[in-house]
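Trainee: Can you walk me through this one? I'd like to start with contacts.

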Amino acid sequence: MKRTDRIVLECTINGMAFAADIVPGMPLAELLREQGYLSVKQGCCVGECGACTVLIDGIAVDSCLYLAVWAAGKQIRTLEGESRGEQLSPIQQAYAESGAIQCGFCTPGFIMATTAMLAKPHNSPLTILEIRRGLAGNLCRCTGYQTIVNTVQACEQEQ
């Protein structure tokens, strides 16, 4: 197959059926941004910063490393799919109210990683170490991370 060959990708993005002709080697982050999902940031483009984190079938994934063709038949969620109109999701609201957001570049990735982490079943409250491990793939240049960890703890208590 030549790089110029195109294939049809069919998947679901934020609950809506999606289909597009794509180049097989296209990263999912690039496709999502082309489609207007601008919360998906292209930071490092090598899977180090987490700014491009999306949920694929409920699992947090660096979309800069995930080829768009691999998303065939999958459920993709971006930050745009978390709110309902003007109503933020509880996790988005908690990040906004707690001061865990500063410049905001990394925030979508942190929120999506938090969403995936809190959706996993667990028998007891997450420890600080478990939260830090769950967010380890996301980098922030503006905070000391403690406010983010506190926000995740607060979100968990609200569930």
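**Contacts, helices and cysteines**

Mentor: Start with Thr 107. Leaving aside neighbours within four places in sequence, Thr 107 is in contact (heavy atoms within 4.5 Å) with Tyr 95 and Ile 101. Keep in mind that this is a predicted model, where local features need pLDDT of at least 70, side-chain atom pairs count only at pLDDT 80 or more, and totals for chains, interfaces and linings use all residues. Residues are numbered from 1 along each chain as its sequence is written, and side-chain values use heavy atoms, with hydrogens and water left out.

Trainee: Where does Thr 107 lie?

Mentor: Thr 107 lies in helix 3. Helices here are DSSP runs of H or I with at least four residues, numbered from the N terminus.

Trainee: Is Thr 107 buried or exposed?

Mentor: Buried, with a relative accessible area of 7%. Buried means under 20%, exposed means over 50%, and partly exposed is in between, using a 1.4 Å probe and protein chains only.

Trainee: Okay, helix 2. Which residues of helix 2 are buried?

Mentor: Helix 2 covers residues 90-98, and its buried residues are Ile 91, Gln 92, Ala 94 and Tyr 95. They sit on the same side of helix 2, because they cover an arc of only 165° around the axis. That arc is taken from the directions from the helix axis to the C-beta atoms.

Trainee: Why do residues three or four places apart point the same way?

Mentor: An α-helix has 3.6 residues a turn, so residues at that spacing point the same way.

Trainee: What is exposed on the other side of helix 2?

Mentor: Pro 90 and Glu 97 are exposed there.

Trainee: And what covers the buried residues of helix 2?

Mentor: The cover includes helix 3 and helix 5, which is 146-158.

Trainee: What comes just after helix 2?

Mentor: Gly 99, which takes a positive phi of about 85°.

Trainee: New topic. How many disulfides are in the whole structure?

Mentor: Zero, by a search of the whole structure. A disulfide is a pair of cysteine sulfur atoms within 2.5 Å. Cys 44 is in none, and its nearest cysteine sulfur, that of Cys 49, is 3.7 Å away.

Trainee: Last one. Where is Lys 120?

Mentor: Lys 120 is in the loop between helix 3 (107-119) and helix 4 (128-134). Lys 120 counts as exposed, at 57% relative accessibility.

Notes:
Helix = DSSP H or I, 4+ residues; strand = E, 2+ residues; numbered from the N terminus.
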